[in-house]
Amino acid sequence: FSPALPESKVKAASELGFGVLQKVYLRFPNSSLFESDMDKDFITVMGDTPEDNFIVLNVGRHKHEPLLAAFYAGDIAMRMERCSDDEIKQRVLTALARFWPGAADPALQASVEFLV
């Protein structure tokens with residue numbers, strides 16, 4: 001910066017801890033699976049393991065299509081980078097099944113489009 005920031009500001013900025021953020025988009029064949037939550041923007045999903053914890057943005061609410069975005073951050077996001085697209089899709093759908101049991105349906109899972 002010019003002029004230079006005060007040392008206290010530089011120190012504070014260095015402690016913010018920016019990291020990795022992964023996002024995954026899932027397009028469903030229709031919104032019937034999560035129809036009851038179409039009025040929500042965000043949903044927090046807590047699974048059995050840290051890799052199954054994420055935030056879901058209901059993109060479909062604003063785009064008028066059945067589209068969800070799942071976000072992973074930090075160490076979990078770095079570990080998820082080593083997973084295949086199919087593994088990530090399966091993890092997200094399995095965790096979503098806690099809220100929407102229909103997400104566990106193999107026919108539905110096969111029809112969900114995975115976008116990165």
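1. Strand 4 (67-73) is mostly covered, since 5 of its 7 residues are buried. Here buried stands for under 20% relative accessible area, exposed for over 50%, and partly exposed for what lies in between, with a 1.4 Å probe and protein chains only. Strands (E, at least two residues) and helices (H or I, at least four) are DSSP runs numbered from the N terminus.

2. Please keep in mind that this is a predicted model, in which local features need pLDDT of at least 70 and side-chain atom pairs count only at pLDDT 80 or more, while totals for chains, interfaces and linings use all residues. Residues are numbered from 1 along each chain as its sequence is written, and side-chain values use heavy atoms, with hydrogens and water left out.

3. Strand 4 has two partners to look at, where pairing requires that DSSP finds at least two bridges between the strands. With strand 1 the pairing is antiparallel over 7 bridges, and Leu26 has Leu68 in strand 4 as its bridge partner. With strand 3 the pairing is also antiparallel, over 3 bridges, and there Ile55 stands opposite Phe71 of strand 4.

4. The largest nonpolar core has 27 residues, and those with the most contacts inside it are Leu26, Phe28, Phe54, Val92 and Leu96. Such a core is a set of buried Ala, Val, Leu, Ile, Met, Phe, Trp, Tyr and Cys residues joined through side-chain atoms within 4.5 Å. At least two residues of this core come from each of strand 1 (21-27), strand 2 (42-45), strand 3 (54-57), strand 4, helix 3 (74-80) and helix 4 (85-96), and helix 4 gives the most, with 5 residues.

5. Leu96 deserves a separate look: leaving aside residues up to four places away in sequence, Leu96 touches Leu26, Phe28, Val45, Phe54, Val56, Leu68 and Ala103, where contact means heavy atoms within 4.5 Å.

6. How many salt bridges does a search of the whole structure find? The search finds 2, a salt bridge being a side-chain nitrogen of Lys or Arg within 4 Å of a carboxyl oxygen of Asp or Glu. The side chains of Arg27 and Glu65 meet in one of them, at 3.0 Å from N to O, and this pair links Arg27 in strand 1 with Glu65 in the loop between helix 2 (60-63) and strand 4, 38 residues apart.

7. Glu113 forms a salt bridge with Arg27, with the closest N and O atoms 3.1 Å apart. Because Glu113 lies in strand 5 (residues 113-115) and Arg27 in strand 1, the pair ties together parts that are 86 residues apart in sequence.
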